[in-house]
Amino acid sequence: MSKAAGLNLSNGSTLYLDNSTYKARQNQLHQTASQLNFSKAPFEMENEVCGTEGMFLLADYWHGVSDSSDYLQVFLTKDVNKINNDVQNSINQTDAKIAESFSTNERDYILPAAKAVIPYTPPYVSVTTINNNPGTVFSLEEYLAAFLSVYDVDQETMALAEEWIEAYKAGDPVIIQKMKKYQNLSAQQWENLSEQELKEFTALTVVYTWSNYVVEQGGESVENYDTYKEICEKMTANLYSFKPITEGYDYVEATPDSALIFALKTAMESMGMSDSLAFNVATKVENDGNSYIVYDSQYQPNPKDVNVAYSFDESGFVSVNIEDSYVTDYPLHTNQFLATSRDHAANYMNSQREANPGWDSHGMSDDELVGMYQSVMNPNDLQAMTNIAISDKDFMVNGKYAFDIDYWEDDTSHTWNYDRGISDTFSVALGEMGSNMLYRQDTGNYESYINAALQSSINGSRHNIMLDIATGAGVYADTCSMAVINDEADPLGGGNDYPLHMQLNAANANFGVFSQMYEKFDDDTKYTNIDIGHITYSNQTGDINFNITADTDKTNFFFWHDREEGKTITIDSTIESGKEAIDDYVEGKQAQLKKELQRKQEDLVVDTVIDLTGCINPYLKDGIYFVKDSMAEKDVTMDSVNLVKDGIKVACSESKNFNRGIGGAVTIFGAISKYNNMLATYEADKENYNRIEKLELFYNYNTASGTVGLYDYDTIRKIQDWNQNGIVEILGEDCGKTNEQIYQSMYTASGELKNPVLEKIATDLCDQSFDDLNNNPTAEDIATAYSTIEEESGYTKDEINNAIDVLVNGYSENGEYHVVTDIPFELQHACLDALQEGDSSIDVYYAWETYYQNQ
């Protein structure tokens with residue numbers, strides 16, 4: 001029996017497909033092709049060494065070889081990979097159909113089985129051809145052929161999408177009518193979509209993705225450009241849904257429909273469209289914190305959506321402008337951002353590099369850099385990102401550091417609505433960039449990176465990019481923490497376990513470095529002759545240390561100068577846990593940094609960054625994404641509707657991802673910000689010390705950034721064990737109690753909280769005494785206590801019982817809180833404090849401190 005890449009041929013007549021072997025060989029080919037990079041470094045010396053005609057001819061020849069290498073890489077990673085997928089899917093589909101025909105003993109099924117694998121074949125133009133000819137306008141049929149060769153869209157779905165587009169051209173708004181049908185749905189409604197609704201929603205997803213594809217790839221010269229552009233604008237506008245009408249007002253507010261956007265992105269992900277312009281636009285809309293004022297249908301014959309306009313900026317990136325529709329002359333709420341597909345971002349980066357042959361990759365792959373381009377939101381981001389892509393090994397471009405840019409807002413002639421400065425999403429991508437360098441232990445490129453950021457921020461610059469990177473790195477560290485939380489611990493230490501640990505350590509270290517640099521290089525001092533010393537970094541602990549020497553000239557009162565040559569500034573970051581951390585914490589040093597970090601944490605949906613950059617550490621991506629579970633079955637569910645159905649089914653199983661508001665993605669952010677607020681009042685209120693000390697046992701302290709969060713890998717894994725096994729996991733085997741015994745100690749036989757337990761919870765949450773609960777309280781006293789708690793803290797009786805259940809018994813399917821980290825800090829603290837009121841032998845804080853001491 002002969003074997004070839006998973007295809008086993010027996011006697012030359014029978015074909016067997018070994019899916020796992022086939023897939024492994026295909027991945028091996030893709031990985032090898034991705035690393036097929038012809039070094040262009042010698043071209044930098046071309047002018048110096050080419051002195052004769054023969055040398056010029058030789059150099060020209062090697063340029064051709066280099067270009068051929070690039071074309072071959074694209075061909076292998078895109079076209080050949082697509083062909084391999086098609087072959088595998090075709091064999092599996094045919095096998096499934098024929099098996100179905102045999103199982104029903106109806107020979108009539110065999111012909112449809114053969115027809116099912118005949119692909120839709122409009123005139124073929126490869127994606128490589130289109131990508132290698134940016135600016136060339138092809139026909140719609142040619143674009144469609146390229147579109148279908150990349151994405152998993154079956155013939156029936158594409159035909160329905162085209163039917164709706166033709167209807168829209170003729171004045172039938174069927175697309176928008178269908179779109180509105182899916183606004184304001186709950187997770188349960190999404191999960192229970194009928195087969196017909198799934199077909200419709202899949203076709204809507206294809207319409208949106210295809211229309212954005214035509215607009216971006218074809219530009220204004222492609223046929224029917226205005227129609228496709230209008231479809232993009234109208235469908236984007238309908239990613240916003242209306243809040244309930246307020247009586248007496250002639251307008252309503254529109255905000256992003258997070259469930260609809262999430263479902264749309266899930267559908268795109270399921271069909272392989274996460275690299276598309278449509279996915280990029282939807283992700284950025286998802287993160288829009290505005291409430292837009294729009295016309296109310298009660299007062300207008302035709303209700304109006306938010307205003308959305310697509311245009312192109314000079315780079316060819318699509319610019320999306322979103323505004324109120326109620327007041328159009330001077331809208332109160334606007335949001336303008338740049339968006340791009342990965343293909344366009346790659347073309348743009350390559351075109352910029354062709355004009356700047358001295359560029360260096362800084363140890364990053366093209367995929368990573370292109371992913372960063374997709375996080376760009378405004379012209380400042382784009383300029384900085386392009387400088388990174390074309391800069392030399394020292395991050396220099398034409399004698400300037402990459403981050404020394406001309407900010408668009410400094411030019412008063414512009415009337416744009418873009419955010420000023422560096423955007424939140426791009427600042428996180430910059431933080432991710434430094435973290436990835438440390439993850440690879442590439443301290444050489446990391447040194448150049450931090451030097452460029454430092455040099456671009458000091459000596460009179462009005463824009464300190466170190467603050468942007470520091471706060472972005474903080475959000476990225478939170479993202480890494482969430483990836484560990486969402487990932488199942490591997491008791492054998494395999495799978496995602498090790499790389500997630502190392503990525504979290506790298507993110508913590510990078511966060512600490514930029515936070516400390518921002519703090520220690522103050523605005524009143526001029527720095528010259530800056531030199532960054534040897535960087536010592538441990539990927540096992542996340543500890544990082546190095547010295548920076550510089551000549552300083554500080555301006556004091558009355559223009560008095562304080563000069564020092566060779567001043568040493570030490571950068572040192574580590575993660576502390578347990579009681580020692582509270583002793584090292586000093587509040588107030590970095591108030592601006594912490595304020596900006598908190599704003600980013602509240603405003604950014606944490607996994608937006610993952611969606612935008614797309615190609616970060618794959619283990620980290622696995623920890624965040626859930627659609628990977630359905631994508632793994634792609635070889636047996638080929639048609640578009642089944643792919644989308646599977647994706648939404650998996651999405652709904654993690655229903656917390658639906659109906660998520662801005663800043664609501666991760667409850668733990670609230671705990672961190674509340675913790676920092678408590679520390680800020682520490683000196684003023686000594687009574688807070690006990691609860692601060694207790695909370696410190698659960699979270700960790702970054703010595704360089706001066707912030708608190710879930711930064712320690714072992715702490716996160718311990719909390720996962722808590723979720724799985726209940727509070728006995730924290731108390732230890734020697735506590736002599738079961739979860740059930742501890743839980744029952746807090747409740748009466750009738751299932752109500754014991755009075756001392758309720759009093760402790762009420763006192764902690766409301767900061768007032770509830771003495772009535774200590775002296776034979778009446779039912780009315782107890783009801784009043786619960787009413788006061790809800791009024792003062794917002795927590796209901798059901799939420800309190802839910803929190804106690806989770807804290808004691810671990811993971812719960814019921815209620816609003818499912819795991820320990822879902823519970824807001826003050827409620828978590830109050831319930832844990834009340835444990836001793838039920839059983840005086842229970843001391844969870846002592847148990848945690850003992851755990852840390854034994855590490």
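Visitor: Which residue of β9 does S319 stand opposite?

Guide: S319 stands opposite L338 in β9. The model is a predicted one, in which local features need pLDDT of at least 70, side-chain atom pairs count only at pLDDT 80 or more, and totals for chains, interfaces and linings use all residues. Residues are numbered from 1 along each chain as its sequence is written, and side-chain values use heavy atoms, with hydrogens and water left out.

Visitor: What makes β8 and β9 a pair?

Guide: Two strands pair if DSSP finds at least two bridges between them. β8 and β9 have six bridges, in the antiparallel sense. Strands here are DSSP runs of E with at least two residues, helices are runs of H or I with at least four, and both are numbered from the N terminus.

Visitor: How do you know that β7 and β8 are paired, and what lies between them?

Guide: Six bridges join β7 (residues 307-312) to β8 (residues 318-323), and the two strands run antiparallel. A309 stands opposite N321 in β8. The two strands form a hairpin with five residues between them, and G316 in the turn has a positive phi of about 90°.

Visitor: What is the order of the strands in the open sheet, and why are β7 and β9 called edge strands?

Guide: The order of the three strands is β7-β8-β9, with antiparallel pairing. β7 and β9 (334-339) are the edge strands: each pairs on one side only. From one strand to the next the twist averages 15°; angles run from 0 to 180 degrees between N-to-C directions, and axes are lines fitted to C-alpha atoms, for helices over the stretch in contact. Helix α13 (residues 277-286) packs on the sheet and touches β7, β8 and β9, its direction making about 150° with that of β9. Contact means heavy atoms within 4.5 Å.

Visitor: Why are α7 and α11 called roughly perpendicular?

Guide: Helix α7 (residues 155-169) and helix α11 (residues 225-237) pack at an angle of about 100°, with their axes 11 Å apart. Angles under 35 degrees count as roughly parallel, over 145 as roughly antiparallel, 65 to 115 as roughly perpendicular and the rest as oblique. The two helices are therefore roughly perpendicular to each other. I165, Y168 and K169 of α7 meet T227, Y228, E230, I231 and K234 of α11 in this contact.

Visitor: How do you know that the length of α10 agrees with its number of residues?

Guide: The expected span of a helix is 1.5 Å times one less than its number of residues. For the 24 residues of α10 (residues 195-218) that gives 34 Å, and the end C-alpha atoms are 34 Å apart, which agrees. After α10 comes G219, whose phi is positive, near 70°.

Visitor: What makes α10 and α15 largely enclosed?

Guide: A residue is buried under 20% relative accessible area, exposed over 50% and partly exposed in between (1.4 Å probe, protein chains only). In α10, 20 of the 24 residues are buried, so the rest of the structure largely encloses this helix. In α15 (residues 366-373), six of the eight residues are buried, so this helix is largely enclosed too. The buried residues of α15 include L369, V370 and M372.
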